[in-house]
Amino acid sequence: VSKELGRVGRIVKVDPTLINIACENGYVPVVCSVASAGDHTALNVNADSAAAAVAVAVRAQKLLVLSDTDGVLSEKEDPASLISRLSVSQANQMVESGKADKGMVPKLRSAIDALKGGVPSVHLINGRLPNSILLEIFTDSGIGTMIVDG
């Protein structure tokens, strides 16, 4: 619990049992970014962190992070500077140097966590664009930023 932010927590463990049961039975699970504290009170957690932790727990092959930005930019205010492929070390460098700021920092940190946890790739894409998921996954160039470990 944070004095500044209220009942905010960090993810310590994910139990994928219910998610796996839902998927095995043809359901699409919807997971909210609320966690249970040790005393079973509800805590808000960052949605990017929650998505990464769930992806690791279910051994996902990809993590798609939909945002209102086109992906990671090498120049914050220049949409033409979209980086289509980024390594973990490059993502770390962007966070540490301040090249990434605001909402991109938790997205990059969560992407790094997912990759370190065994998820092969993380894709940051603009969910406002029509067919953005299809364009990212089924084209050679994609439309967002793919982050990989290596």
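Visitor: Which residue in β6 is the bridge partner of R85?
Guide: The partner of R85 is M146. Keep in mind that we're looking at a predicted model.

Visitor: OK, and in which sense do β4 and β6 pair?
Guide: Parallel, over 3 bridges, with β6 covering residues 145-148.

Visitor: What's the strand order in that sheet?
Guide: β3-β5-β6-β4, in an open sheet of 4 strands with mixed pairing. The edges are β3 (62-67) and β4 (85-87), each of which pairs on one side only. On average, neighbouring strands are turned by 20 degrees against each other, direction ignored.

Visitor: Which way do β5 and β6 run, and what stands opposite H123?
Guide: β5 and β6 run antiparallel and are joined by 4 bridges. Opposite H123 you'll find M146 in β6.

Visitor: Is β5 buried or exposed?
Guide: Mostly covered: 6 of its 6 residues are buried. S121, H123 and I125 point one way, while V122, L124 and N126 point the other way.

Visitor: Which helix lies across these strands?
Guide: That's α4, residues 104-116. Helix α4 lies across β3, β4, β5 and β6, and runs at about 155 degrees to β5.

Visitor: Switching to the largest nonpolar core, which residues touch the most other members?
Guide: L63, V72, L86, L108, V122, L124 and I147, out of 24 residues in that core. Two or more residues each come from α2 (47-57), β3, α3 (88-97), α4 and β5. The largest share, 7 residues, is from α4.

Visitor: Take L86, then. What is L86 in contact with?
Guide: Leaving aside neighbours within four places in sequence, L86 contacts V72, A91, M94, L108, T145, M146, I147 and V148.

Visitor: T145 is on that list. Where is T145 found, and is T145 buried or exposed?
Guide: T145 is in strand β6. T145 counts as buried because its relative accessibility is 0%, and the cut-off for buried is under 20%.

Visitor: What does the side chain of T145 have a polar atom close to, in Å terms?
Guide: A polar atom of that side chain lies 2.8 Å from the backbone nitrogen of V72.

Visitor: And what else does T145 touch?
Guide: Not counting residues up to four places away in sequence, T145 touches D70, G71, V72, L82, I83, S84, L86, V122, H123, L124 and E136.

Visitor: New topic: how many disulfides does the structure hold?
Guide: The count is 0.

Visitor: How do C23 and C32 count for accessibility?
Guide: C23 counts as partly exposed, at 45% relative accessibility. C32, at 56%, counts as exposed. The line between the two classes is drawn at 50%.

Methods:
Residues are numbered from 1 along each chain as its sequence is written. This is a predicted model: local features need pLDDT of at least 70, side-chain atom pairs count only at pLDDT 80 or more; totals for chains, interfaces and linings use all residues. Side-chain values use heavy atoms; hydrogens and water are left out. Two strands pair if DSSP finds at least two bridges between them. Axes are lines fitted to C-alpha atoms, for helices over the stretch in contact, and angles run from 0 to 180 degrees between N-to-C directions. Contact means heavy atoms within 4.5 Å. A nonpolar core is a set of buried Ala, Val, Leu, Ile, Met, Phe, Trp, Tyr and Cys residues joined through side-chain atoms within 4.5 Å. Buried means under 20% relative accessible area, exposed over 50%, partly exposed in between (1.4 Å probe, protein chains only). A polar contact is a pair of N or O atoms within 3.5 Å; within protein, one must be able to donate a hydrogen and the other to accept it, and residues adjacent in sequence count only if both atoms are side-chain atoms. A disulfide is a pair of cysteine sulfur atoms within 2.5 Å.
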